[in-house]
Amino acid sequence: MRTIHDIHGGIHPPERKALSRPGDLQNAPIPPVLVLPVRQHLGVPALPIVAVGDTVLGGQVLAEAQGVMSVPVHAPSSGTVVAIESRPIAHASGLADQCIVIQTDGEDHWLAFEGVTSWRERDPATLVERIREAGIAGLGGAGFPTAVKLSPGPTRPIETLLVNGTECEPYITADDTLMQCRADELVEGAHILAHILSADSILIGIEDNKPDAIARVQAAISRAGVDVELATFPTKYPSGGEKQIIEILTGQQVPSGGIPADIGIVCVNPGTAVATQQAIVDGKPLTHRIVTLTGEALAAPQNVTACLGTPITQLLEHAELSVDGQQRIIHGGPMMGFAVSDLNAPITKITNCLLAPTATELPLPDPAQPCIRCGHCAEACPASLLPQQLYWYARAKDQEQLAEHRLFDCIECGACAYVCPSQIPLVQYYRAAKGQIRDSEQEKRRSDNSRERFEARQARLEAETAAREAKRAARKAAAQSQAAENGSDPIQEAIERAKARKAEQEANP
Amino acid sequence: MLAMLSDQPLLAALTALLGLGATFGALLGFAAIRFRVEGNPISEQINALLPQTQCGQCGYPGCRPYSEAIADGDSINKCPPGGEETIQALADLLDVEPQPLDAEHGVEKEPVVAWIREDECIGCTKCIQACPVDAILGAAKVMHTVIADECTGCDLCIEPCPVDCIDLIPRKEGISFWHWSLPEDRASRYDVIATDAATRDAA
């Protein structure tokens, strides 16, 4: 039996998970229009390769990856491309981004896919390539390209593949449902990932508030007759943070500024493992995902498998949203999500939950009051940081001290803001400070580069001037030496010639 | 000698002081030559803080000349591309009071890059010669283009262009440049004293 470790801090907010009836999975209807952002992952946006007017089939590539930190986008159903333009997307900024818009034909015709059942005999590199081509990005919420995660490099040998089935955020039951309904695929997917990474062991970690998921995954493991360890641990927010679950299950801490691969662990979301299984065994690209539709403003909260690109309004209608009393729609969970500004925005690879709370259920925070230095935030912080100090330094924009206090180890879980009696939006301070620091680093790089280029240009111009001077001096010296040799001065001669010509012209006008 | 020194304490003191002065003077002189720093270290540090736009809005032909001028005592508020942030950083470095940006040299603007409308370009190479960071590509009578990643947005290429085909467009637009901004400071909205609200509303 594995020893379960505890992490520093953490909180126990009301879970409210039963609301969306985990384990019961429906298919959302295919919407008349699909809006597919070219950037649904972390990194470089994909490049559209279809044109307006093209007819596309389900599973067809719409936009291909540009470079390593990028994944392609596929059509989730058949139809016609009607626009490639800037559309509102679900993003905290409320800004628009480039999207490929498909009018679906309702026929749902698909390309034929070819899978690989004998993946154990395949070379990991070709499997990684397949995963990249299938457009898989981490389905847990960050959207990190999975193919990049699966290539930690020869300097980081991987011992353990960890499937993070914690889903610690209140309300969300997408992973819970997935583990209940797709347990066999999950176990096989985890095996494929472990094969790619040449990992020795596979560990699936599930929080103990999901007994059904635990039972189903355990059953799937026995059915497959394979060596997979299933570990359960007490419920606490945010145990599902990558660094937190690693500490809980192994007692090891990921070094500050490092990644789990540095200590021989790769951590994936169960959704990513299932998507991998489908990509390899069925050859199917990532075009659908499980989304939790929940909140008291919905008459029929549920989990659905929805086409990526389905507008948020459509899903909320499907879950029977009642408009009165409802105040905002949150993309993600109540702790780490953000309010969606335009409900025509589509769901993407990172949408695990759409939360429609009533005004009484999740009231808007009261205006922040001054910090009273109670220190509750430091007790709640799962990364053992000093949120209060970070808050003061973020306000003062003191980048040096923020770095000193390890701002970049903050996982933005919101535990500090949750316990804050003054309702200070602490996480927003940290996000803003991180953005400012990244900005100034980028500007610094730019200005260093410009300085180099400016100085190189100055040096070149000076060298050119010097070369011209040297040439002129050489010519002058040659002329003088000629004069000394022949006793005649070429300059004087030239002047004489010019004078003669002028006199001639004056004589014969 | 010793006898004379003990007879004349004044002379002894003078000799000792002169001796010490000469020794330490020689030591300092040696150190000044031996450990001499190349260039002006302060102007180097100032130059590292300037935005390197090389736009000349400060009145000097580039950031390095301005940094040298600051080191020689010029004011620190002549750099519009750097804006308040640079002034603050310079004030911290030089331990002087930050001053507001001198409007005579321009106002702080969003960062921009030059963009050549390519079908209008006649290939005169004038902008290429004007660019302080060699960020424009092209040759005589063929179209030119700006390497956006290298362009500092200094606007020195705008004036020489005979057909006015260069635009300055915002550099930081779109979702990839967005980041959270600090929450609005609502604490100031609290009216600790009831009359505060009345005075503020009247104002």
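I started at A:Ser93, which sits in the loop between strand 7 (79-88) and strand 8 (96-104) of chain A. Strands here are DSSP runs of E, at least two residues, and helices are runs of H or I, at least four residues, numbered from the N terminus. The model is predicted: local features need pLDDT of at least 70, side-chain atom pairs count only at pLDDT 80 or more, and totals for chains, interfaces and linings use all residues. Residues are numbered from 1 along each chain as its sequence is written, with chains lettered from A and ligands numbered from 1 in the order in which they are written.

**Entry 1: A:Ser93**

(Buried takes 20 or more other C-beta atoms within 10 Å, exposed 12 or fewer, partly exposed in between; C-beta atoms are placed from the backbone.) I then looked up its contacts, meaning C-beta atoms, placed from the backbone, within 7 Å. Leaving aside neighbours within four places in sequence, A:Ser93 touches B:Ile175 and B:Trp178. I also checked A:Gly435: it is 342 residues from A:Ser93 in sequence, but 13 Å away in space, C-alpha to C-alpha.

**Entry 2: chain A against chain B**

I looked up the contact between the chains: 22 residues come from chain A and 20 residues from chain B. On the chain A side, helix 13 (residues 426-486) gives the most, 12 residues. That side divides into nine nonpolar, seven polar and six charged residues. (Nonpolar: Ala, Val, Leu, Ile, Met, Phe, Trp, Tyr, Cys and Pro; charged: Asp, Glu, Lys and Arg; polar: the others, Gly among them.)

**Entry 3: cores**

A nonpolar core is a set of buried Ala, Val, Leu, Ile, Met, Phe, Trp, Tyr and Cys residues joined through C-beta atoms within 7 Å. The largest has 100 residues, and A:Ala190 and A:Leu315 touch the most other members. Helix 4 (residues 183-197) of chain A supplies the largest share, nine residues. A second, separate core has 28 residues, including A:Ala368 and A:Cys413.

**Entry 4: a helix pair in chain B**

Helix 3 (residues 41-49) and helix 4 (residues 63-71) of chain B have axes that come within 8 Å and cross at roughly 130°. I noted the residues in contact, among them B:Ile42 and B:Ile46 of helix 3 of chain B and B:Ser67 and B:Ala71 of helix 4 of chain B. By class, the contact has five nonpolar, three polar and two charged residues.

Note on methods:
Two residues are in contact if their C-beta atoms, placed from the backbone, lie within 7 Å. Axes are lines fitted to C-alpha atoms, for helices over the stretch in contact, and angles run from 0 to 180 degrees between N-to-C directions.
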